[in-house]
Amino acid sequence: MEQALRDMGLTLPQFSVLTMLAAYPRASGAELARLSLLTPQTMSVIVGNLERGAIISRRPHEQHGRIQIIEITATGRELLARCKSAVQSAEMALLPEISQTDERVVRRWLVQVAKQLDATRG
């Protein structure tokens with residue numbers, strides 16, 4: 001999966017951030033850090049790199065000037081779609097013997113693990 005993303009010009013953490021932004025539009029850096037289970041400092045570096053690549057844009061919150069609203073650009077949406085396709089192909093190659101039912105169970109379990117980790121951090 002990392003190689004598929006690297007071929008597209010993204011790292012796994014950058015892909016994670018773009019995926020979170022697609023699910024949670026107009027999130028702040030702090031919100032993205034919590035959602036992605038990354039430190040605010042790491043998120044700041046990732047967001048800066050994505051912004052330099054015109055994949056995302058930042059602007060001040062309308063009421064809270066210190067908060068930056070982060071949004072995916074059109075270029076970023078196109079890149080995310082291509083990356084999702086590449087990641088899906090890589091996942092399918094890794095999991096040819098797993099049934100769709102088992103895959104759904106594993107994915108639900110991973111979501112629960114992430115929620116538990118997030119709950120213990122907060």
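Tutor: Helices (H or I, at least four residues) and strands (E, at least two) are DSSP runs, numbered from the N terminus. This is a predicted model, where local features need pLDDT of at least 70, side-chain atom pairs count only at pLDDT 80 or more, and totals for chains, interfaces and linings use all residues. Residues are numbered from 1 along each chain as its sequence is written, and side-chain values use heavy atoms, with hydrogens and water left out.

Student: Is Tryptophan 109 buried or exposed?

Tutor: Find Tryptophan 109 first: helix H6, residues 100-121, holds it. Buried means under 20% relative accessible area, exposed over 50%, and partly exposed in between (1.4 Å probe, protein chains only). Tryptophan 109 has a relative accessible area of 54%, so it counts as exposed.

Student: Which element gives the most to the lining of the largest pocket?

Tutor: A pocket here is an open set of points on a 1 Å grid over the protein atoms alone, where a 1.4 Å probe fits, with protein on both sides within 12 Å along at least five of seven lines; lining residues have an atom within 4 Å of a point. The largest pocket has a volume of about 980 Å³, counted as the space filled by probe spheres set on the points. Helices H2 (12-23), H3 (29-36), H5 (74-94) and H6 each supply at least two lining residues. The top contributor, with 8 residues, is H6.

Student: Which residues are the closest to the centre of that pocket?

Tutor: By class, its lining has 15 nonpolar, 4 polar and 7 charged residues. Ala, Val, Leu, Ile, Met, Phe, Trp, Tyr, Cys and Pro count as nonpolar, Asp, Glu, Lys and Arg as charged, and the others, Gly among them, as polar. Of the 26 lining residues of the largest pocket, the closest to its centre are Ser16, Thr19, Met20, Val111 and Ala114.

Student: And which element gives the most to the lining of the second largest pocket?

Tutor: That pocket holds about 160 Å³ of space. H3, helix H4 (40-52) and strand S3 (68-72) are the elements giving two or more residues to its lining. Its lining residues divide into 5 nonpolar, 4 polar and 2 charged. With 3 residues, the one giving the most is H4.
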